[in-house]
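Here is a short tour of one protein chain for you to follow on screen. Take your time and turn the picture as you read.

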Amino acid sequence: MLILNSDDLLQEIKEQKGIDLSAYSTDFLIQKIEKRMVSLQIQSAAAYREKLRTEPIEADTLLSEIGIQVTLFFRNPLVFEIIKERTLPAILDAKRTDGSREIRIWSAGCSTGEEAYSVAILLRQLLKDELSEWRILIFATDIDRKILAEAEKGLFSRAKLVETKVGIVDEYFTPVGEAFRIKPGIRRMVDFSFDDLASTERSAPSASIFGAFDLVFCRNVMIYFNEACRKSVQNKIIRSLNKGGYLILGESEWLADISKSEFTEVDDRNRIFRKK
Ligand SMILES: C[S@@+](CC[C@H](N)C(=O)[O-])C[C@H]1O[C@@H](n2cnc3c(N)ncnc32)[C@H](O)[C@@H]1O
């Protein structure tokens with residue numbers, strides 16, 4: 001193993017990409033940086049920083065090695081099946097009982113938007129002709145402005161659809177050469193904007209104005225944060241949820257024990273939690 005101080009490298013990534021990795025676990029980052037250096041046969045952090053500086057594509061390669069932008073439609077299909085069969089129907093039923101017709105959803109750390117578009121598709125399937133009676137607000141946020149621009153285009157490679165049922169591909173996508181474009185009706189349901197989850201300034205993305213979410217996805221984002229940041233992000237998300245709202249984490253992410261007391265239903269196996 002190389003002995004590495006990653007600070008300069010993180011600074012280079014910040015300058016180039018505007019992505020601040022300082023809240024990420026240092027061991028995790030060093031492991032990923034070292035892997036790149038070994039495969040490039042680079043011996044020193046200074047030489048690797050020079051590579052990052054002179055070949056901007058290396059920053060993209062490192063970021064995808066870190067895995068921070070990897071996503072799929074219906075990633076972890078069982079979780080999306082539960083969202084379709086249980087979570088969303090429970091939210092819709094509670095709203096109907098209250099006489100409300102508004103649903104607020106946040107995909108925090110949305111990457112290229114597949115998670116947000118997936119839940120938009122499920123709502124369309126569940127609400128069918130009733131859809132026009134509802135006000136559906138799906139806020140999808142990320143720290144990477146370039147990735148948000150990609151998300152807004154709504155154009156996806158076939159690889160992003162490996163977990164997607166063929167009937168859904170046929171109904172909600174238009175083939176464009178080798179790629180697939182999300183249909184405008186689904187595209188319009190999602191609002192993409194910049195938000196840094198690690199920032200303590202706001203408890204909800206500014207585009208949403210006040211949070212009050214019925215469902216928050218924060219999957220495969222906190223995994224890379226250090227413990228202090230993870231706790232503060234979890235608190236922030238809990239504050240942004242409505243009473244009875246749901247939080248969904250990624251499959252390798254855990255709710256801090258202290259946060260569990262905020263939830264009435266805790267499905268640790270599927271990482272689905274319902275706020276008291
Ligand atoms: C692995 S992707 C997860 C995408 C999707 N949630 C999923 O599970 O498939 C992680 C995303 O989190 C974003 N991200 C990383 N740090 C962030 C932060 N501090 N605030 C907001 N987004 C962040 C990255 O830019 C990346 O697009």
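Which strands form an open sheet of three, and in what order? The order is β3-β5-β4, with antiparallel pairing. Here strands (E, at least two residues) and helices (H or I, at least four residues) are DSSP runs, numbered from the N terminus, and two strands pair if DSSP finds at least two bridges between them. β3 (155–157) and β4 (173–176) stand at the edges with a single partner strand each, so one side of each has no neighbour in the sheet. Ignoring direction, neighbouring strands of this sheet are turned by 35° against each other on average. Such angles run from 0 to 180 degrees between N-to-C directions, with axes fitted as lines to C-alpha atoms, for helices over the stretch in contact.

Before going on, a word on the model itself. This is a predicted model, in which local features need pLDDT of at least 70 and side-chain atom pairs count only at pLDDT 80 or more, while totals for chains, interfaces and linings use all residues. Residues are numbered from 1 along each chain as its sequence is written, and side-chain values use heavy atoms, leaving out hydrogens and water.

Now look at another sheet. This open sheet has seven strands in the order β6-β2-β1-β7-β8-β10-β9, and its pairing is mixed. At its edges are β6 (190–194) and β9, each of which pairs on one side only. On average, with direction ignored, its neighbouring strands are turned by 15° against each other.

| Strand pair | Bridges | Residues facing each other |
|---|---|---|
| β3 and β5 (179–182) | three | L155 and R181 |
| β8 (241–249) and β10 | three | I248 and I272 |
| β9 (263–267) and β10 (272–275) | four | V266 and F273 |

β9 and β10 also form a hairpin with four residues between them, and R271 in that turn has a positive phi of about 60°.

Helix α5 (77–98) lies across β1 (102–108), β7 (213–218), β8 and β10, at about 160° to β7. Helix α7 (145–153) lies across β2 (135–142) and β6, running at about 165° to β6.

Zoom out to the whole chain. It is assigned domain 1 (7–66) and domain 2 (77–275), with bounds from an automatic or database domain assignment. Their centres, taken over C-alpha atoms, are 29 Å apart. Ten residues of domain 1 are in contact with seven residues of domain 2.

Where does the largest pocket lie? Both domains give residues to its lining, so the largest pocket lies between them. A pocket is an open set of points on a 1 Å grid over the protein atoms alone, where a 1.4 Å probe fits, with protein on both sides within 12 Å along at least five of seven lines; lining residues have an atom within 4 Å of a point. The space in the largest pocket is about 400 Å³, counted as the space filled by probe spheres set on the points, which are joined across faces, edges and corners. Of the 30 lining residues, Y24, I68, G109, D142 and V221 are the closest to its centre.

Notes. Contact means heavy atoms within 4.5 Å.
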